[in-house]
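Dear colleague,

I am handing over the structure below, and my notes on what was found in it follow directly after. Please read them with the coordinates open beside you.

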Amino acid sequence: MATGDITELLRQARGGDEAAIDALFSELYPELRRMAHARLAGGGRHTLLETAVLINECYLKFAAAGRLAVNDRAHFLAYTSRAMRSIIVDFARGRLRERRGGDAAHVTLNTELAQGLPAGDEQIVSVHEALDALAQREPRLAQVVEMRYFGGLSEQEIAAALDVTDRTVRRDWEKARLLLADALRA
């Protein structure tokens with residue numbers, strides 16, 4: 001599909017056209033799948049969330065909003081990164097709640113069992129909280145991390161979405177990594 005066609009679908013979606021949102025997701029599905037797969041692939045992500053489920057949850061989030069407040073493809077992908085972050089963090093928090101018994105009364109029987117559980121969900125929530133703190137101090141750095149870590153966007157895609165150079169994105173990424181690593185160690 002041509003860039004102009006996607007721009008037209010985005011214009012219609014901004015106006016609340018649900019069919020345009022459907023068509024937009026259909027046309028960009030391969031790219032959304034790549035983003036979701038990049039975030040969830042490779043056992044290091046420690047999540048049971050699947051690529052298709054993440055994309056479908058993004059779609060439902062956009063459909064529930066009724067309108068998209070984005071102007072072009074790059075901004076749509078950046079917005080999708082934010083939605084993926086929100087979905088992944090909510091999923092991780094839900095799993096942590098379940099692991100801790102949900103609404104059941106808490107009784108500690110054996111602390112050795114709790115230490116053997118994977119740290120993936122806790123790590124996702126910790127990164128989310130550190131990213132929120134970073135956003136208070138350096139909003140652009142937090143956006144770069146969000147788009148790269150949660151959205152799997154390339155430096156060029158991030159640069160286009162933020163209207164900065166690739167070099168600025170690389171510097172922001174390095175600075176953000178250092179600040180987040182320091183925050184996560186604390």
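The second largest pocket is lined by A69, V70, H75, A78, Y79, R82, Q143, E146, M147, A161 and L162, where a pocket is an open set of points on a 1 Å grid over the protein atoms alone at which a 1.4 Å probe fits, with protein on both sides within 12 Å along at least five of seven lines, and where lining residues have an atom within 4 Å of a point. Helix 4, helix 7 and helix 8 are the elements that each give two or more residues to this lining, and helix 4 supplies the largest share, with four residues; helices here are DSSP runs (H or I) of at least four residues, numbered from the N terminus. The space in this pocket comes to about 180 Å³, a volume being the space filled by probe spheres set on the grid points, which are joined across faces, edges and corners. By residue type the lining divides into seven nonpolar, two polar and two charged residues, with Ala, Val, Leu, Ile, Met, Phe, Trp, Tyr, Cys and Pro counted as nonpolar, Asp, Glu, Lys and Arg as charged, and the others, Gly among them, as polar.

Please bear in mind that this is a predicted model, in which local features need pLDDT of at least 70 and side-chain atom pairs count only at pLDDT 80 or more, while totals for chains, interfaces and linings use all residues. Residues are numbered from 1 along each chain as its sequence is written, and side-chain values use heavy atoms, with hydrogens and water left out.

Two of the lining residues, R82 and E146, also meet through their side chains in a salt bridge at 3.2 Å, N to O (a side-chain nitrogen of Lys or Arg within 4 Å of a carboxyl oxygen of Asp or Glu). Because R82 lies in helix 4 (residues 73-99) and E146 in helix 7 (residues 139-150), the pair ties together parts that are 64 residues apart in sequence. R82 is partly exposed, with a relative accessible area of 44%, whereas E146 is buried at 4%; buried means under 20% relative accessible area, exposed over 50% and partly exposed in between, with a 1.4 Å probe and protein chains only.

The whole structure holds 12 salt bridges. Among them, E155 meets R148 at 3.6 Å, N to O, and E155 also meets R170 at 3.1 Å, N to O. Since E155 lies in helix 8 (residues 155-162) and R170 in helix 9 (residues 166-185), the latter pair ties together parts that are 15 residues apart in sequence. Salt bridges that share partners also join E31, R34, R73 and E157 into one network.

Which aromatic residues do the ring pairs link into a cluster? They are F25, Y59, F62, F76 and Y79, and the count of aromatic pairs comes to five, where rings of Phe, Tyr and Trp (its six-membered ring) pair if their centres lie within 6.5 Å, and planes under 30 degrees apart count as stacked, over 60 as edge-to-face and the rest as tilted. F25 and Y59 are edge-to-face, at 5.3 Å centre to centre and 85 degrees between the planes; F25 lies in helix 2 (residues 18-40) and Y59 in helix 3 (residues 51-65), so this pair ties together parts that are 34 residues apart in sequence. F25 is buried, with a relative accessible area of 6%, while Y59 is partly exposed at 26%. F25 and F76 are edge-to-face as well, at 5.8 Å and 85 degrees, and F76 is buried at 0% relative accessibility.

Kind regards
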